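Here are my notes on the model, point by point. Have it open while you read.

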Amino acid sequence: MCFIWFYVFFIIFYVLLESTLFRKVLYKLILLACFRLCPSGESASQVSPSQSSGDFSHPVYKEIALANGHINRMSKEELRIKLAELKLDTRGVKDVMKKRLKSHYKKQKLMQSAAEGGPTDTYYDYICVVDFEATCEEDNPSDFLHEIIEFPMVLVNTHTLEIVDSFQEYVKPELNPQLSEFCVKLTGITQSMVDEADPFPAVLQRAVAWLQERELGTKYKYAILTDGAWDMSKFLNIQCRLSRIRYPHFAKKWINIRKSYGNFYKVPRTQTKLSTMLEKLGLKYEGRPHSGLDDSRNIARIALRMLQDGCQLRVNERMHAGQLLSVPSSAPVEGAPPPHNPHSRE
């Protein structure tokens with residue numbers, strides 16, 4: 001009886017084998033089974049298509065991919081324990097800790113292959129954080145012309161991962177010299193502070209001199225970094241028109257840290273406000289919110305943590321013909337040009 005059933009099955013199988021469709025399906029099933037059983041296939045499947053060619057074909061990236069796969073399977077407590085063992089920061093939400101551990105292993109592997117020309121971790125020697133404060137009303141009309149009233153800069157050394165210097169000056173507004181009560185409460189900048197300050201062109205000259213003294217753009221590569229696009233595309237753009245000077249060439253490209261943070265930690269733009277970024281990284285705001293200098297220092301702390309976590313901060317926005325544009329990640333990496341005082345529009 002068994003022999004009869006076997007014979008029937010054999011006849012059916014033989015008939016099906018004559019079918020082209022059946023042969024194709026069978027062939028795919030065999031390939032799939034072989035792929036799953038093959039050890040090299042398993043490791044290769046964890047390497048992204050972009051890593052299959054060029055520099056990413058180096059074996060070190062296969063090791064990094066395997067380490068990433070293991071980290072992805074770790075619980076929050078396992079991540080915290082491992083970070084503590086490695087004497088790394090254990091603060092932050094699970095995704096942040098995961099990214100930190102991955103970046104640590106990536107750095108280790110790339111350092112081992114550095115002699116073979118492995119990539120570096122930073123594009124610039126210094127990052128200059130700028131966060132202007134400007135005139136404002138409680139309900140700004142759509143055509144409201146903001147004037148810069150505080151010009152702060154905080155300088156970050158990307159090699160030592162430290163804040164190394166800062167610049168701050170208040171600016172006297174000329175179009176609307178009287179600050180609103182709302183603006184004073186929001187920024188902490190009083191009427192007497194701006195009354196005693198110089199107009200924007202004079203402050204900009206001293207800011208440029210400060211950058212030049214630190215040999216930025218000449219001896220050292222640097223980039224401007226902001227919290228969002230408004231500082232450069234709106235505040236500085238409007239101020240240069242009001243002051244009848246050309247937009248400074250060195251500030252035409254910058255790093256929008258909100259974009260960098262969202263892309264690096266894979267979070268939506270709604271989670272890239274200054275207070276939220278600090279909270280997700282396990283940090284607390286230091287100083288007075290909406291003080292330009294204090295905001296700049298806290299933005300710098302976020303940038304430092306991102307660099308520590310392995311983020312390669314790079315320019316992602318620019319101004320062209322008065323319009324805000326994005327800089328694609330495929331664009332060549334360039335530092336900001338040497339700072340110079342802009343010419344008059346007249």
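1. Start with alanine 65: it is buried, with a relative accessible area of 7% (buried is under 20%, exposed over 50%, partly exposed in between, using a 1.4 Å probe and protein chains only). Alanine 65 belongs to helix α4, residues 59-72 (helices are DSSP runs of H or I of at least four residues, strands are E runs of at least two, both numbered from the N terminus). Its C-alpha atom is 9.4 Å from that of lysine 102, 37 residues away along the chain.

2. Before going on, some housekeeping. This is a predicted model, so local features need pLDDT of at least 70 and side-chain atom pairs count only at pLDDT 80 or more, while totals for chains, interfaces and linings use all residues. Residues are numbered from 1 along each chain as its sequence is written, and side-chain values use heavy atoms, with hydrogens and water left out.

3. On the annotation: an unreviewed UniProt entry lists residues 71-105 as "domain: SAP" (positions follow the numbering used here, feature names are shortened, and annotations may be inferred rather than shown by experiment). In the model, that span is 69% helix and 0% strand, and its end C-alpha atoms lie 10 Å apart.

4. Now the aromatics. A search of the whole structure gives 9 aromatic pairs (rings of Phe, Tyr and Trp, the last by its six-membered ring, pair if their centres lie within 6.5 Å; planes under 30 degrees apart are stacked, over 60 edge-to-face, the rest tilted). Phenylalanine 132 and phenylalanine 151 have ring centres 5.0 Å apart and planes at 90°, so they make an edge-to-face pair. Phenylalanine 132 is in the loop between β1 (126-130) and β2 (133-134) and phenylalanine 151 in strand β3 (residues 148-157), so the pair ties together parts 19 residues apart in sequence. Phenylalanine 132 is buried at 4% relative accessible area, and phenylalanine 151 is buried at 5%.

5. How are the rings of phenylalanine 151 and phenylalanine 200 arranged? Their centres are 6.1 Å apart and their planes at 15°, so this pair is stacked. Again distant parts of the chain are linked: phenylalanine 151 is in strand β3 and phenylalanine 200 in helix α9 (residues 200-213), 49 residues apart. Both of these phenylalanines are buried. Zooming out, Phe132, Phe151, Phe167, Phe200 and Trp210 form one aromatic cluster.

6. Two lysines are worth a click. The charged end of lysine 99 sits over the ring of phenylalanine 264, 4.5 Å from the ring centre (the test is NZ of Lys or CZ of Arg within 6 Å of the centre and within 35 degrees of the ring normal). Lysine 234 does likewise with tryptophan 230, at 4.9 Å from the centre.

7. Next, serine 233 in helix α10, residues 230-242. This serine is buried, at 17% relative accessibility. A polar atom of the serine 233 side chain lies 2.7 Å from the backbone oxygen of alanine 229. Leaving aside neighbours within four places in sequence, serine 233 is in contact with Trp254, Met319 and Leu324 (contact means heavy atoms within 4.5 Å).

8. Last, serine 296 in helix α13, residues 292-308. Serine 296 is buried, with a relative accessible area of 0%. Its side chain reaches the backbone oxygen of glycine 292 at 2.8 Å. Beyond neighbours within four places in sequence, serine 296 is in contact with Val129, Val130, Asp131, Pro152 and Val154.

How values were computed: A polar contact is a pair of N or O atoms within 3.5 Å; within protein, one must be able to donate a hydrogen and the other to accept it, and residues adjacent in sequence count only if both atoms are side-chain atoms.
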